[in-house]
Amino acid sequence: MEFNCSSPNTIPVVSTFASPFNNSPPLNGSDSTSTRKPISLWPGMYHSPVTDALLEARSQIFERLLDPPKDAPPQSELLTKTPAQSRTSILYNFSSDYILREQYRDPWNEVRIGKLLEDLDALAGTISVKHCSDDDSTTRPLLLVTASVDKIVLKKPISVDIDLKIVGSVIWVGRSSIVTQLDVIQSTKEYSDVTDSVALTANFIFVARDSKTGKAAPVNRLSPETEHEKFLFEEAEARSKLRKRKRVDRKEFENGVVNRLEALLAEGRIFCDMPALADRDSILLGDTRLENALICQPQQRNIHGRIFGGFLMHRAFELAFSTAYAFAGLVPCFLEVDHVDFLRPVDVGDFLRLKSCVLYTELENPDQPLINVEVVAHVTRPEIRSSEVSNTFYFTFTVRPEAKATKNGFKIRNVVPATEEEARRILERMDAEMLTHQNQ
């Protein structure tokens, strides 16, 4: 199946670097002599091939967000929109754009998942902005914040040599919340059917805030038209209710927690008290830790002046991948990232620390052992002796079959906690997974 990049709803993605062989034409046929400031010079925006393409295509909407009218009133009347009105797709011409291909290539000739997570967040934000827009230049625009991301499961590897398309739209709205669903599609001879061509599906949840007061603000209503749109609306409604019910259901798992903690800690105590007698097929959780730190720079901020959520997901993924790699001793293969809550905003100048560890492993299936990696992002402010968690990410990896074949006697080790705090984190994570599977 070939993608039609001439469709008015499809935005082509081009590399952000000039080709050494030719001069790329202006995007969307725009006149290079235009007096409008180039996208690359717009302040307050994280730049990548996708964000630049989205801004270029929707420049009128984003110019209003970057320079909102002063003392403008809020939107007085909510509109009713359809999913089709927010539907947007972007096309990566990997097969023909060498520079773009090199920007997304990983060492194993697949698409870099971290960069793809960035792009998904950027596209989801654009779609939400389109839904909330009232096309009135005299009202003040809403501030949209990424609240959470539902579990993202990679269904098949994504090649960097084949054109890739992401299609998304708003599928559900509450009073001040918006759910945007994105499908990443890559067709090959093996997967010619549209359904089989979907490499992953992601749901992003945004909340709307009044840009002046900071309080929750109502968003435009959604009216699904087709049977598929109605199905997605009902499905998202059910997930919203499920998230609320999970907070109550988790209390049920407290029964017997003491015995479960003791069982987890038993092997850890042997490591600490009698290391010579410890199980050689196990390793302490603390010995799997990796960490990095960075100062959040202005170039990483979004149009609202806060650090771009996709950038945080990208950095978390890279650290999780490295943690799984160092733990397994072989190249890991990404499977999924679980539900992510954005607990607090990250600002320019913040000192961000990312801490990762292998939380636990699942070894029941020797052909596909699972490595569960936790990454916790801390916003640290040394001058006021403050450290707060902004995000906790849970990634699941396995080991590539071709990599296992090259290493005789390969075996994934079991992870054991040494402290009660570590054991509780493992139990909470396992219980969350159990609840998810029970409600599917």
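Two aromatic rings count as a pair if their centres lie within 6.5 Å. Keep that cut-off in mind. The model here is predicted.

Start with the cluster. Which residues do ring pairs link together? They are W108, F317, F321, Y325, F334, F393, F395 and F397.

Now one pair from that group. F317 and F397 sit 6.0 Å apart, centre to centre. Their planes are 40° apart, and the pair is tilted. Where does each partner lie? F317 is in helix α8, residues 309–328. F397 is in strand β16, residues 386–399. That is a link between distant parts of the chain, 80 residues apart. Both F317 and F397 are buried.

Step back for the count. The search of the whole structure gives 13 aromatic pairs. F94 with Y104 is another tilted pair. Here the centres are 5.7 Å apart, with 55° between the planes. F94 lies in the loop between β3 (88–92) and α4 (98–104), and Y104 lies in helix α4, so this pair ties together parts 10 residues apart in sequence.

Buried or exposed, for F94? Its relative accessibility is 0%, so F94 counts as buried. Y104 is buried too, with a relative accessible area of 0%.

Stay on Y104. K115 lies over the face of this ring, 5.0 Å from the ring centre.

Last, one more charge over a ring. How far is the charged end of R429 from the centre of the Y394 ring? The distance is 4.2 Å, and R429 sits over that ring.

Key
Residues numbered from 1 in each chain as written. Predicted model: local features only at pLDDT ≥ 70, side-chain atom pairs only at ≥ 80, totals over all residues. Heavy atoms only, no water. Phe/Tyr/Trp six-rings, centres within 6.5 Å; stacked < 30°, edge-to-face > 60°. Helix = DSSP H or I, 4+ residues; strand = E, 2+ residues; numbered from the N terminus. Buried < 20%, exposed > 50% of the residue type's maximum accessible area, 1.4 Å probe, protein only. Lys NZ or Arg CZ within 6 Å of the ring centre and 35° of its normal.
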